[in-house]
Amino acid sequence: IVHDELVKLMGGEVSELVFAKSAPTVILLVGLQGVGKTTVCAKLANYLKKQCVMETIGEVLHAYCGRCLQTCCH
C-alpha cells in the first residue's frame, strides 16, 4: 500500500537527479524500517562523490548510520 501511494504521489517514471540552482538540494528517502534506506543513502553518497558533488547526509534516528555510511562508501 505504501509503495502504491508513493508511486501515485511521485509518479512511476525514472528520471535523472535534478540539483537546485542554489544550494542545498534536498533528497528525501522514505521507507519502512528495514527496507534499506541507509544502504541506498550510502550508495547515493558514493555515486555523488564519484561525480564530485559534495554531500551531507544525516539520519536522526539511526545511531549506527554514520559508521554504516563510512563502511559502504569506502
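A residue counts as buried when its relative accessible area is under 20%. By that cut-off, helix H1 is hardly covered, with 0 buried residues among its 9. The model is predicted, and its chain of 74 residues is 12% buried.

**The chain overall**

- The chain contains 3 helices and 0 strands.
- Read from the N terminus, its elements follow the order α-α-α.
- Of the contacts between residues at least 6 apart in sequence, 51% link residues at least 24 apart.
- The chain has an accessible surface of about 6,700 Å². Carbon and sulfur atoms account for 61% of that surface.

**Helix H1 and its end**

- Helix H1 spans residues 2-10, and the count of buried residues in H1 is 0.

- Side chains of opposite charge can pair when their charged atoms come close.
- The count of salt bridges comes to 1. This salt bridge pairs Lys 8 with Glu 5, and the closest N and O atoms are 3.2 Å apart.
- Both Lys 8 and Glu 5 belong to helix H1, where they sit 3 residues apart, or about one turn of the helix.
- Lys 8 counts as exposed because its relative accessibility is 64%, and the cut-off for exposed is over 50%.
- Glu 5 has a relative accessibility of 43%, so Glu 5 counts as partly exposed. That value lies between the cut-offs of 20% for buried and 50% for exposed.

**The largest pocket**

- The largest pocket holds about 770 Å³ of space. It is lined by 20 residues, and those closest to its centre are Leu 6, Met 10, Gly 11, Leu 28 and Leu 29.
- Helix H1 and helix H2, which covers residues 37-50, each contribute at least two residues to the lining.
- H1 gives the largest share of the lining, with 4 residues.
- By residue class, the lining consists of 12 nonpolar, 5 polar and 3 charged residues.

Methods. Residues are numbered from 1 along each chain as its sequence is written. This is a predicted model: local features need pLDDT of at least 70, side-chain atom pairs count only at pLDDT 80 or more; totals for chains, interfaces and linings use all residues. Side-chain values use heavy atoms; hydrogens and water are left out. On a 1 Å grid over the protein atoms alone, a cavity is a set of points where a 1.4 Å probe fits but cannot get out, and a pocket is an open set with protein on both sides within 12 Å along at least five of seven lines; lining residues have an atom within 4 Å of a point. Grid points are joined across faces, edges and corners, and a volume is the space filled by probe spheres set on the points. Ala, Val, Leu, Ile, Met, Phe, Trp, Tyr, Cys and Pro count as nonpolar, Asp, Glu, Lys and Arg as charged, and the others, Gly among them, as polar. Buried means under 20% relative accessible area, exposed over 50%, partly exposed in between (1.4 Å probe, protein chains only). Contact means heavy atoms within 4.5 Å. Accessible areas come from the Shrake-Rupley method with a 1.4 Å probe; for residues, only the protein chains shown count as cover. A salt bridge is a side-chain nitrogen of Lys or Arg within 4 Å of a carboxyl oxygen of Asp or Glu.
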